[in-house]
Amino acid sequence: MISKIRQPMRPTSQLARRRMLQLAAAVPLGLAVARAAWAAPSPDAAQSMVEAAGQQVLAILRDPALSNDDKLHRLVQVLDGPIDLALVGRLILGRYWRTASEAQQTEYLGLFRAYALNNLASRLHLYQGQSFKVTGAQAADDKDTLVTSQILGDRRPPLSVDWRIRDVDGSKLVAIDLVVEGVSLIISQRAEFSTVIDRSGMDGLLAELRQRAEKA
Amino acid sequence: MAVSSFVITDVTARAGRARPLAGALLVASLWLACAGPAAAQTEIADPLESVNRKVFVFNDTLDQYVLEPVARGFRFVTPRFVRTGLRNFIDNLKTPVVLANDLFQAEPTRATQTIGRFMFNTIVGVGGLVDVGGLLGMPERHHEDFGQTLAVYGIGTGPYLMVPFIGPSNPRDLVGSAVDLVFDPLTFIAPSSVNYGRRGADIVSFREANIENFDEFRRSSLDLYAATRTLTEQLRSSEIRNGAPPDQDSIYDEDIYDLEDPAADAAN
């Protein structure tokens, strides 16, 4: 079989850094520290975290007593916990995070949280009453575990959703990216936000997000 | 094919496989001749962005005033089972192209699935109107084309192109579309009206299935052009990898951007 596609090479410095980390982890003294900060969540724990989140979402979507507005409102509340939107927001900005002022950073994280939750809730809302199944979990790298799941529709092909799970402070598992049919939330938003920033600066992005927040 | 209904692809990207433009092809072949194999990119090269954006506005207007109304009308006048049957029928007709590319990519398992589904669907499923393979629990239908085959052979996409009437594409995939015509027996045996009708039905059927997704996508995007570009690229790469997860770990590293300590940054 021909290997599917050539992957981009990791920059050497990063590779070297990883090597060093691995070495450091082998040193007994460093072991305890490195473990806590770097270990990927266990597949079982990550899987049950995703299952719990999925069931919460389904319960809302299927509740006949809730109006559409109620459902959207409840979805926003439920999604806030399992996804680390502050981290996701920083990862999306990438290098632009550094150059933003502290005030811009704070405002951005607030606006991004609302923007992301509204979008996720209204997309999920398109999937009324369909079922959700976790199909597996495996370590993605030394920090993250990838949980694969499917949303099953009655007349549509199953939709694949991968959750990237990280143990942020040694006690709480959170999702740091959702990848739907190969489309990553972080990559998509980063592409879009950086285009806006390149054109009209960080203030331009904040203005756009503020406008969305007012409409919502 | 990963016809995602959660996110959308641009309908015209798919239609583009069928109707390459001669001019684009010429450019494409020149590019392929001098480019050679290229590594997969995470950032999309878009040197023609200013022209592409103008074409995008044109295509987008066309979608809003022609394609979307037609798709809504189609939904209004047809019951769901008719639309599903049409979708299955169109997908079944793509079998020769998918099979040829399964084989070019040395994927015997997927080739076998393609043949099996075609036999069941054509014979038991009334000429392809019923997806018997799906009812029997076969793996999800996959799509292949010669653009993907070229990618598997290590050919890079070249610059992102927004093609009038066709949508987002690139030189590699435009060449792929032209080559796929040769693998399709209908190109040679059916009158051109049938071929055009089939392409048209494919486009309208896809647009109808994704009405809500397009609406949602338009509503949530801050920059529709940039959003379409990354979506197209990600869906296409995922298709090329046959759905396997990408190697993109670096985007998840907080510390390469010094993200962890905003206070220290602000102090600088």
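Reply: Gladly! Let's start with Phe120(B), which sits in helix α6 (residues 108-124) of chain B. Keep in mind that the model is a predicted one.

Me: Why is Phe120(B) called partly exposed?

Reply: Its relative accessible area is 38%. Buried would need under 20% and exposed over 50%, so Phe120(B), at 38%, counts as partly exposed.

Me: And what makes Phe120(B) part of a nonpolar patch on the surface?

Reply: Patch members need over 30% relative accessible area and no salt bridge, and nonpolar side chains are joined within 5 Å. Phe120(B), with its 38%, passes the area cut-off, because that asks for over 30%. The patch also holds Ile115(B), Phe118(B), Met119(B), Ile123(B), Val124(B) and Leu136(B), and the accessible area together is about 680 Å².

Me: Which residues have the most contacts inside the largest nonpolar core?

Reply: That core has 60 residues, and Trp163(A) is one of those with the most contacts inside it, as are Tyr108(A) and Phe112(A). Helix α8 (residues 185-215) of chain A gives the largest share, 10 residues. Another core, of 11 residues, lies apart from it and includes Val183(A) and Phe217(B).

Me: What is Trp163(A) in contact with, leaving aside its neighbours within four places in sequence?

Reply: Among its partners are Val50(A), Phe132(A), Leu146(A) and Asp177(A). They are called contacts because heavy atoms lie within 4.5 Å.

Me: How much of chain B is buried?

Reply: Of its 268 residues, 51% are buried, which means that their relative accessible area is under 20%.

Technical notes:
Residues numbered from 1 in each chain as written. Chains lettered and ligands numbered in written order. Predicted model: local features only at pLDDT ≥ 70, side-chain atom pairs only at ≥ 80, totals over all residues. Heavy atoms only, no water. Buried < 20%, exposed > 50% of the residue type's maximum accessible area, 1.4 Å probe, protein only. Patch = residues over 30% accessible without salt bridge, like charges linked within 9 Å, V, L, I, M, F, W, Y side chains within 5 Å. Areas by Shrake-Rupley, 256 points an atom, 1.4 Å probe, with all protein chains shown as cover. Salt bridge = Lys/Arg side-chain N within 4 Å of Asp/Glu carboxyl O. Helix = DSSP H or I, 4+ residues; strand = E, 2+ residues; numbered from the N terminus. Core = buried A, V, L, I, M, F, W, Y, C linked by side-chain atoms within 4.5 Å.
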